[in-house]
Amino acid sequence: MSSVVIKHRSLVHRAVVVARFNKWPDPRLLFSFGHHFFNKTDRSGVVAGIEVRRAGRGDIADVVRLRWEMCVEQGVADADDQEGYDRYAAALHDFLERWIDDEQCRVFVAVDEGSWKRVAMAALWLWPVLPWPGGLAQWQGHVTSVYTIPGYRRRGIARRLMGAVRDAAAAHGATRLVLETTPMSAPLYQDLGFVASRIVELRLDSAEDRD
């Protein structure tokens, strides 16, 4: 049976339909897990010298940098496009100034305690959902922007970030998390208990997108 996830319109402008499938779609996947996974706490993969914490206003510039580097690496931004970066950085900075302290927006960063450099990030959106007979809880989480810079990968940092995301979502009362990923990152999320699903989405252009 398919389930439908309608993302909060004030935060993003699209609807996502979720259904099970038997092979990886390309290029993106959607993963989700339910409330019974929130009771499993995996503390493995601890990295010495790396602090994982919630980001604050003093981290905004680093979050902007990390997310731009992620977009460049994914091929959706051009590293040499200074004008594009300036517009993007200003928009994301304004966005984070508005939302980073809100309980529905949790951004986490991993900090190298030797250099105090922010080397990884993950973001969690929490939004209310209508109760239904199979689940009366009214919160759901969307995970986005899970990114670690080259040189710090395969050291368990993403796993620690996801642990922080999971704990924050559970503490808020969420019983389900969803995220989009790539086949390269899929094994991590499967290991954490996420179940792969096919998505169909409708993108609605905002006034800013049409400028």
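Mentor: Two rings of Phe, Tyr or Trp, with the six-membered ring taken for Trp, form a pair if their centres lie within 6.5 Å; planes over 60 degrees apart make the pair edge-to-face. By this rule the count comes to 6 aromatic pairs. One of them joins Trp68 and Tyr85, with 5.1 Å from centre to centre and 75° between the planes, which is edge-to-face. Trp68 belongs to helix 1 and Tyr85 to helix 2, so this pair ties together parts that are 17 residues apart in sequence. Trp68 is buried, at a relative accessible area of 12%, whereas Tyr85 counts as partly exposed at 26%.

A second example is the edge-to-face pair of Phe95 and Trp125, with ring centres 5.7 Å apart and an angle of 70° between the planes. Here Phe95 sits in helix 2 and Trp125 in strand 6, so the parts tied together are 30 residues apart in sequence. Phe95 is partly exposed at 31% relative accessibility, and Trp125 is buried at 11%. Ring pairs also link Trp68, Tyr85 and Tyr88 into a cluster.

Before going on, note that this is a predicted model. The protein has 5 helices and 9 strands. Read from the N terminus, the order of these elements is β-β-β-β-α-α-β-β-β-α-β-α-β-α.

Now to the helix that carries Trp68. Helix 1 covers residues 60-73, which is 14 residues. The buried residues in helix 1 are Ile60, Val63, Val64, Leu66, Trp68, Met70 and Cys71. An α-helix has 3.6 residues a turn, so residues three or four places apart point the same way. The buried residues of helix 1 pack against helix 2 (82-99), strand 5 (105-112), strand 6 (118-128) and strand 7. After helix 1 comes Gly75, with a positive phi near 85°.

The largest nonpolar core has 47 residues, and Val107, Val119, Leu124 and Ile157 have the most contacts inside it. Helix 1, helix 2, strand 5, strand 6, strand 7, helix 3 and strand 8 (177-181) each supply at least two of its residues. The largest share, 8 residues, comes from strand 6. In soluble globular proteins, nonpolar side chains tend to be buried together.

Leaving out residues up to four places away in sequence, Val119 touches Ile50, Leu66, Ala110, Asp112, Tyr147, Thr148, Ile149, Tyr152 and Ile157. Leu66 is one of the buried residues of helix 1. Thr148, another residue touched by Val119, is placed in strand 7 (residues 139-148). Thr148 is buried, with a relative accessible area of 10%. Its contacts, counted with the exclusion of residues up to four places away, are Val119, Ala120, Arg153, Ile157 and Ala158.

Most residues other than glycine have a negative phi. Trp116 is not a glycine, yet it has a positive phi of about 60°. It lies in the loop between strand 5 and strand 6. Trp116 is exposed, with a relative accessible area of 52%, while Trp68 is buried. Arg154 also has a positive phi of about 60° without being a glycine. The place of Arg154 is the loop between strand 7 and helix 3 (157-172), where it is exposed at a relative accessible area of 84%.

Last, the protein as a whole. Of its 211 residues, 41% are buried. Among contacts between residues at least 6 apart in sequence, 71% join residues at least 24 apart. The pair of Phe95 and Trp125, 30 residues apart, spans such a separation.

Notes. Residues numbered from 1 in each chain as written. Predicted model: local features only at pLDDT ≥ 70, side-chain atom pairs only at ≥ 80, totals over all residues. Heavy atoms only, no water. Helix = DSSP H or I, 4+ residues; strand = E, 2+ residues; numbered from the N terminus. Buried < 20%, exposed > 50% of the residue type's maximum accessible area, 1.4 Å probe, protein only. Contact = heavy atoms within 4.5 Å. Expected span 1.5 Å × (residues − 1). Core = buried A, V, L, I, M, F, W, Y, C linked by side-chain atoms within 4.5 Å. Phe/Tyr/Trp six-rings, centres within 6.5 Å; stacked < 30°, edge-to-face > 60°.
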